[in-house]
Amino acid sequence: MQSTNWKDIAEIIGIAAIVVSLVLVAYELRQATAQSAAEAIYQTNVALDNAYRARAQDSKLAQLIINGHANPSSLNELERDQFAAWLRADLNMAEASWVFYENGLYPEWAFDGTKAGICSRLVTEGGKQYWEDEGQFFASSFRERIDEWCFQ
């Protein structure tokens, strides 16, 4: 009977050890997820900051973007191409942010501003024209979200 008690005690200790191990793994997983989310947000913000710094330092680029959004028909062929390239790069970063969001690496509270930023670019005259002409080159799920967020 004594050996049965030791066996029962050993099993209880083993089960407790497994439970404690699972709790530790869950905690570490949560920490890793939080770190991944912070890194995703940081990386996208760095890329966007670089784009906005370039715009702030280059008055011709800033004017091109203003004109492209407000009055795209005023742009010549080269300027239309430059505006489209700038907007494509901007939306590529937005799409990357959306992928992070869809995969749980970008929390809702952090992505709200990104959604507003995306729509602020696409609801302008030039943004709408760009989206009609070039939206097909983005992921179909991303296009659906854009249409839902910005145009409904």
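Reply: The side chains of D112 and K115 meet in a salt bridge at 3.9 Å, N to O, where a salt bridge is a side-chain nitrogen of Lys or Arg within 4 Å of a carboxyl oxygen of Asp or Glu. This is a predicted model, in which local features need pLDDT of at least 70 and side-chain atom pairs count only at pLDDT 80 or more, while totals for chains, interfaces and linings use all residues. Residues are numbered from 1 along each chain as its sequence is written, and side-chain values use heavy atoms, with hydrogens and water left out.

D112 and K115 are separated by about one helical turn, because they lie three residues apart in helix 4; helices are DSSP runs of H or I with at least four residues, numbered from the N terminus. K115 is buried at 19% relative accessible area, whereas E108 is partly exposed at 39% and D112 is partly exposed at 39%; buried means under 20%, exposed over 50% and partly exposed in between, with a 1.4 Å probe and protein chains only.

Another salt bridge joins the side chains of R121 and D90 at 2.0 Å, N to O. That pair links distant parts of the chain, with R121 in helix 4 and D90 in helix 3, 31 residues apart. R121 is buried at 13% relative accessible area, and D90 counts as buried at 5%. A search of the whole structure finds four salt bridges.

Methods:
Helix = DSSP H or I, 4+ residues; strand = E, 2+ residues; numbered from the N terminus.
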